[in-house]
Amino acid sequence: MEIKGSVALVTGANRGIGRAFTRALIDRGAAKVYAAVRDPASVSGDDVTAVRMDVTKPEEVADAAAAAGDVTIVINNAGVGGFDTKLLTGSLDGAREAMEINYFGTWSVSRAFAPVLARNGGGALVNILSVASWASRPEFPGYAASKAAEWSLTGALREGLREQGTLVIGVHAGFVETELSSFTDAPKITAADVAEQTLHALANDRVEVLADERTRQVKQALSEPLER
């Protein structure tokens, strides 16, 4: 898909991976980039258009889809960790929030913008997933479950939107240098790297991005027998 001249919308665009996407899209010549955020005042820069959107509020998602009717690329990036919920301890509220935002939020935005993309020639839908889609840990089972569900949703969207010509891309990465991963000193890649790899995949009509070596190893291991 041609990025130059496109019109993109990025959810959770005011920081981290979302902000990296807005900059990368502009650098590649996107004609307009909508930054979809809960608080439009948090968006900086005259070269992006802030749009109010809390992905858990259907009325705000619908309003954003009506306001951004020229969109040809949607990047579902908004997400939370829910890391307070451990496997055997901690309130389940964090896990429920992760599912509500990461899974149902992505589903809601995709539903609202699918007709917009169809009217504008098909375009592309990009879901920011995680290596945790395939490899859960006792430290963050709620987050991993939400990303596994989002991965499943991404496959359903790919099948369901194929007829209208929409390219659906799943982006998987391990730890990225953002506030979400500030709790760990594990090796990380930059948000700019994730954005650049994804836009390269988009430009070449590829449906999956495995952004780092850890993610590639985990994906390859999915076909191996389980260890006790």
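## Helix packing and selected residues

The axes of helix 1 and helix 5 come within 8 Å and cross at roughly 50 degrees, where axes are lines fitted to C-alpha atoms, for helices over the stretch in contact, and angles run from 0 to 180 degrees between N-to-C directions. Helix 1 and helix 5 are therefore oblique to each other; angles under 35 degrees count as roughly parallel, over 145 as roughly antiparallel, 65 to 115 as roughly perpendicular and the rest as oblique. The model is predicted, so local features need pLDDT of at least 70 and side-chain atom pairs count only at pLDDT 80 or more, while totals for chains, interfaces and linings use all residues. Residues are numbered from 1 along each chain as its sequence is written, and side-chain values use heavy atoms, with hydrogens and water left out. Helices (H or I, at least four residues) and strands (E, at least two) are DSSP runs, numbered from the N terminus.

The crossing of helix 1 and helix 5 is right-handed, a crossing being left-handed if the near helix is turned anticlockwise from the far one by less than a right angle, and right-handed if clockwise. On the helix 1 side the contact (heavy atoms within 4.5 Å) is made by G16, I17, A20, F21, A24 and L25, and on the helix 5 side by A191, A192, V194, A195, T198 and L199. By class, this contact of helix 1 with helix 5 has 10 nonpolar, 2 polar and no charged residues, where Ala, Val, Leu, Ile, Met, Phe, Trp, Tyr, Cys and Pro count as nonpolar, Asp, Glu, Lys and Arg as charged, and the others, Gly among them, as polar.

F21 has its place in helix 1 (residues 16-27), and at 0% relative accessibility F21 counts as buried; buried means under 20% relative accessible area, exposed over 50%, and partly exposed in between (1.4 Å probe, protein chains only). Leaving aside neighbours within four places in sequence, F21 is in contact with V194, A195, T198 and L199, as well as with V10, I75 and I128.

I3, in the segment before strand 1 (7-11), is likewise in contact with L199, and its other partners, leaving aside neighbours within four places in sequence, are L25, R28, G29, A30, L202 and A203. I3 is buried, with a relative accessible area of 4%.

Helix 3 takes part in two further pairings. The axes of helix 2 (residues 58-67) and helix 3 come within 9 Å and cross at roughly 25 degrees, and the two helices are therefore roughly parallel to each other. Their contact joins V61, A64 and A65 in helix 2 to S108, V109, A112, F113 and V116 in helix 3, and its residues divide into 7 nonpolar, 1 polar and no charged.

Helix 3 and helix 4 pack at an angle of about 15 degrees, with their axes 8 Å apart, which makes helix 3 roughly parallel to helix 4. Helix 3 contributes A95, A98, M99, N102, Y103, T106, W107 and S110 to the contact, and helix 4 contributes G142, Y143, A145, S146, K147, A149, E150, L153 and L157. The residues of the contact of helix 3 with helix 4 divide into 10 nonpolar, 5 polar and 2 charged.

| Helix pair | Axis separation | Crossing angle |
|---|---|---|
| Helix 1 and helix 5 | within 8 Å | roughly 50 degrees |
| Helix 2 and helix 3 | within 9 Å | roughly 25 degrees |
| Helix 3 and helix 4 | 8 Å | about 15 degrees |

Helix 4 (residues 141-160) has 20 residues and reaches 28 Å from its first C-alpha to its last, close to the 28 Å expected at 1.5 Å a residue, the expected span being 1.5 Å times one less than the number of residues. The buried residues of helix 4 are P141, G142, Y143, A144, S146, K147, A149, E150, L153, T154 and L157, and what covers them includes strand 4 (73-76), helix 3 (93-119), strand 5 (124-128) and strand 6 (167-172).

H172 lies in strand 6 and, at 1% relative accessibility, counts as buried. Leaving aside neighbours within four places in sequence, the contacts of H172 include W134, W151, E208, V209 and L210.

D205 lies in the loop between helix 5 (191-203) and strand 7 (208-210) and has a positive phi of about 55 degrees although it is not a glycine. Most residues other than glycine have a negative phi. At 48% relative accessibility, D205 counts as partly exposed.
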